[in-house]
Amino acid sequence: PYPKYRITEYAKEEGYLAKDYGIDDVSKSIYLPSKIDIKDRDKIINLCDLKESDIVLEIGPGMGILSEEIAKVAHKFILVEKDNKLFEFLQHKLLKNYPDIIIKNEDILLLRLDKLNETSLKIIATLPYNISSQIVFKIIEEREFIKECFLVFQKEVADRLQAVPNT
C-alpha cells in the first residue's frame, strides 16, 4: 500500500538540470519527493482529488515531481521549500510554465500558516522520515487554516502511526 522510494528515471532526467543548480548527487541531495516514480505520483495526485477551486500548499516539493501536476489544476498553489538549491531549481523549472504559483524559500516549521492569508488550504506533502512528526504536529496546531491534508510517509513512520499505543 505504500509507494516504494527509489531514484527513478524522472529524477535521473531532472538530474541534468539539477546539476546546473549545484545539486550534484541527485540520490543524496534530493528529498523524498524525488524518489517517487511516475506511477506513484499519479496515484498520489488521484488520491488528492484536486479541484480547480483548491488552494494547495505543497510542503517540501523537492524536484517538483508532484508540483507540475498540482499546478495544472489548483486555483492557487503555494510551494514551501527550505533548501536554497532546490528553491532555485523549482523557480527555473516551474515559473516559466506556471507564473502564478508562489514558491517560498522557507522552513515549513517556522512558517505561520495565517501569514498565507488563506483559510482552506489543501496540504500535500511527501514527508522525509526525520521531520514527519514535527510537521504533523504543526498541521494539527494550525488546523483552522486547513481544509484537507494528504501526507505520504515513509513506511516506518506510517507503521508507527498505525501502531497500538505503548508499543
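A disulfide here is a pair of cysteine sulfur atoms within 2.5 Å. By that rule the count is zero. C48 is in no disulfide, and the nearest cysteine sulfur, that of C149, is 9.5 Å away. C48 counts as buried, at 1% relative accessibility, while C149 counts as partly exposed, at 31%. Buried means under 20% relative accessible area, exposed over 50%, and partly exposed in between, with a 1.4 Å probe and protein chains only.

A word on the source. This is a predicted model, where local features need pLDDT of at least 70 and side-chain atom pairs count only at pLDDT 80 or more, while totals for chains, interfaces and linings use all residues. Residues are numbered from 1 along each chain as its sequence is written, and side-chain values use heavy atoms, with hydrogens and water left out.

Next, helix 6, residues 132-141. Helices (H or I, at least four residues) and strands (E, at least two) are DSSP runs, numbered from the N terminus. Which residues of helix 6 are buried? They are S132, I135, K138 and I139. These lie on the same side of helix 6, because they cover an arc of only 125° around the axis, taken from the directions from the helix axis to the C-beta atoms. The face turned away from the buried side carries the exposed residues F137 and E141.

Last, the lining of the largest cavity. I59, I108, L113, I123, I135, K138 and I139 line that cavity. Helix 6 supplies the largest share, three residues.

Conventions
On a 1 Å grid over the protein atoms alone, a cavity is a set of points where a 1.4 Å probe fits but cannot get out, and a pocket is an open set with protein on both sides within 12 Å along at least five of seven lines; lining residues have an atom within 4 Å of a point.
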